[in-house]
Amino acid sequence: MEPMADDVIIYLDNNATTQLDPAVIEEMLPFLTNHYGNPSSGYTFAAKARNAVDLARERLAALLECEPSEIVFTSCGTESNNAAINSALQFEPRGKHIVTSAVEHSAVLRHCEDLLKRGCDVTFLGVDRDGNLDLAELEQAIRPETAIVSTMWANNETGVLFPVEKIAEICREKGVLFHTDAVQAAGKIPIRLRDTTINFLSLSAHKFHGPKGVGALYVNRRTRFHPLVVGGGQENGRRGGTENVASIVGLGKAAERAAECMPEEKTHVRAMRDRFEKGILETVSGASINGAAAARLPNTSSFLFDGIESSAALLLLDRHHICCSAGSACRTGSEEASHVLRAMNPSGDGARRGLRFSFGRFNSESQIDRAIEIVPTVIEKLRQLSAPARESAPIGQEPAGIAPDA
Ligand code: PLP
């Protein structure tokens with residue numbers, strides 16, 4: 001195997017976003033150039049765009065094993081999450097209560113916090129040390145006035161999977177709607193909606209080698225839906241606004257590619273991730289994996305390293321051209337420590353010591369070799385730098401270069 005040049009980017013942040021698949025770009029290009037018709041126009045020229053949107057819907061429905069009519073295209077995963085929760089609140093006359101978890105992405109958490117300020121009641125369920133929910137606690141949290149339960153399928157920081165099919169079943173028995181934020185699960189693990197009682201599911205194309213700024217919401221055909229974006233009646237009246245045709249085409253192709261690649265990636269990406277974890281655990285003392293005992297996505301490694309600050313590690317890794325993150329990409333540059341790691345261990349200081357590495361279709365074995373070489377040297381260097389400083393300065397006041405998130 002060819003050794004890698006020192007300045008080649010090693011992209012290990014596939015949960016933040018992914019590289020576009022070349023096949024996706026190829027399918028999108030004609031819709032950015034020649035086929036610019038509006039899908040709602042009646043003439044033949046626009047039929048190309050209309051048919052392409054229909055094909056994308058079929059391809060995504062095939063990936064999710066649902067009906068094409070159950071897919072609503074949106075602008076992103078965040079919009080899909082907001083739309084599902086808002087729709088449930090609109091329709092449920094008793095709807096003054098939401099059940100969710102403390103480890104959701106901000107696309108659900110912030111929305112729920114906002115609703116809380118507007119008079120809605122929200123239960124944020126905790127998780128155990130491995131990031132698992134207690135299903136008995138979830139069941140007990142459902143009240144007569146609960147409008148919806150919303151829990152993610154796969155955690156973006158740790159990759160921990162929630163048993164959403166079981167949760168959906170509990171909700172059905174209790175007569176409550178269930179939404180799952182599957183932004184990190186879609187395209188990475190099999191999803192068979194036909195066999196579930198899930199009412200709503202959100203996803204986003206850029207997490208599985210599609211374009212940014214396009215997502216979808218699955219709405220079960222028996223579930224009533226009130227649109228979040230009201231306008232020209234597109235998407236069968238479920239989402240107003242002229243369709244982002246090229247991006248929807250890209251989403252559809254990315255879904256088709258995900259279905260094709262999943263059997264291969266399930267073993268290949270997992271093997272790379274497992275080799276990386278083994279390599280780091282063998283060479284770095286005081287390292288552990290968050291959610292190690294839980295069911296996890298095959299592509300995600302969330303590490304805790306004793307004696308480091310994640311933000312300092314990110315700076316040093318960046319100098320070595322390794323892209324990874326401290327928890328979620330959305331938190332990079334903020335002062336906040338990881339709410340997910342804090343929920344998993346409220347009394348520990350792990351929330352500022354986490355590093356997330358996430359792997360994908362375009363990573364190579366030589367990139368993993370290089371990362372296994374660099375990460376231990378970076379951790380060692382940080383520990384050496386911070387040892388004297390830690391003795392004299394409280395956390396948060398370390399010398400420049402190893403400062404916490406800013
Ligand atoms: N939900 C989860 C679990 C995510 O990881 C993300 C993105 O990181 C989102 C929602 C938001 O998706 P989008 O960037 O498409 O709005």
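Helix α3 meets helix α4 through Thr78, Asn81, Asn82, Ile85, Asn86 and Leu89 on the α3 side and Ala107, Val108, His111, Cys112 and Leu115 on the α4 side, where contact means heavy atoms within 4.5 Å. The model is a predicted one, in which local features need pLDDT of at least 70 and side-chain atom pairs count only at pLDDT 80 or more, while totals for chains, interfaces and linings use all residues. Residues are numbered from 1 along each chain as its sequence is written, and side-chain values use heavy atoms, with hydrogens and water left out.

By class, the α3 and α4 contact has six nonpolar, five polar and no charged residues; here Ala, Val, Leu, Ile, Met, Phe, Trp, Tyr, Cys and Pro count as nonpolar, Asp, Glu, Lys and Arg as charged, and the others, Gly among them, as polar. Helix α3 spans residues 77–91 and α4 residues 106–117, and the two pack at about 35° with their axes 9 Å apart. Axes are lines fitted to C-alpha atoms, for helices over the stretch in contact, and angles run from 0 to 180 degrees between N-to-C directions. Helices are DSSP runs (H or I, at least four residues), numbered from the N terminus. The crossing of α3 and α4 is right-handed, that is, the near helix is turned clockwise from the far one by less than a right angle, anticlockwise being left-handed.

Helix α8 (residues 245–283) packs with α2 (residues 44–64) at an angle of about 30°, their axes lying 8 Å apart. The two are therefore roughly parallel, a label for angles under 35 degrees, with roughly antiparallel used for those over 145. The crossing of α2 and α8 is left-handed. Among the residues making this contact are Ala49, Ala52 and Val53 of α2 and Ile248, Leu251 and Met262 of α8. The α2 and α8 contact comprises 14 nonpolar, one polar and three charged residues.

Helix α1 (residues 22–32) also packs with α8, at about 160° and with axes 8 Å apart, so α1 is roughly antiparallel to α8. The crossing of α1 and α8 is right-handed. Residues meeting there include Glu27 and Phe31 in α1, and Lys253 and Arg257 in α8. This contact divides into nine nonpolar, two polar and three charged residues.

A polar side-chain atom of Lys207 lies 2.5 Å from a ligand oxygen. A polar backbone atom of Gly77 is 2.8 Å from an oxygen atom of the ligand.

Key
Parallel < 35°, antiparallel > 145°, perpendicular 65-115°, else oblique. Polar contact = N/O pair within 3.5 Å; in protein donor to acceptor, adjacent residues only side chain to side chain.
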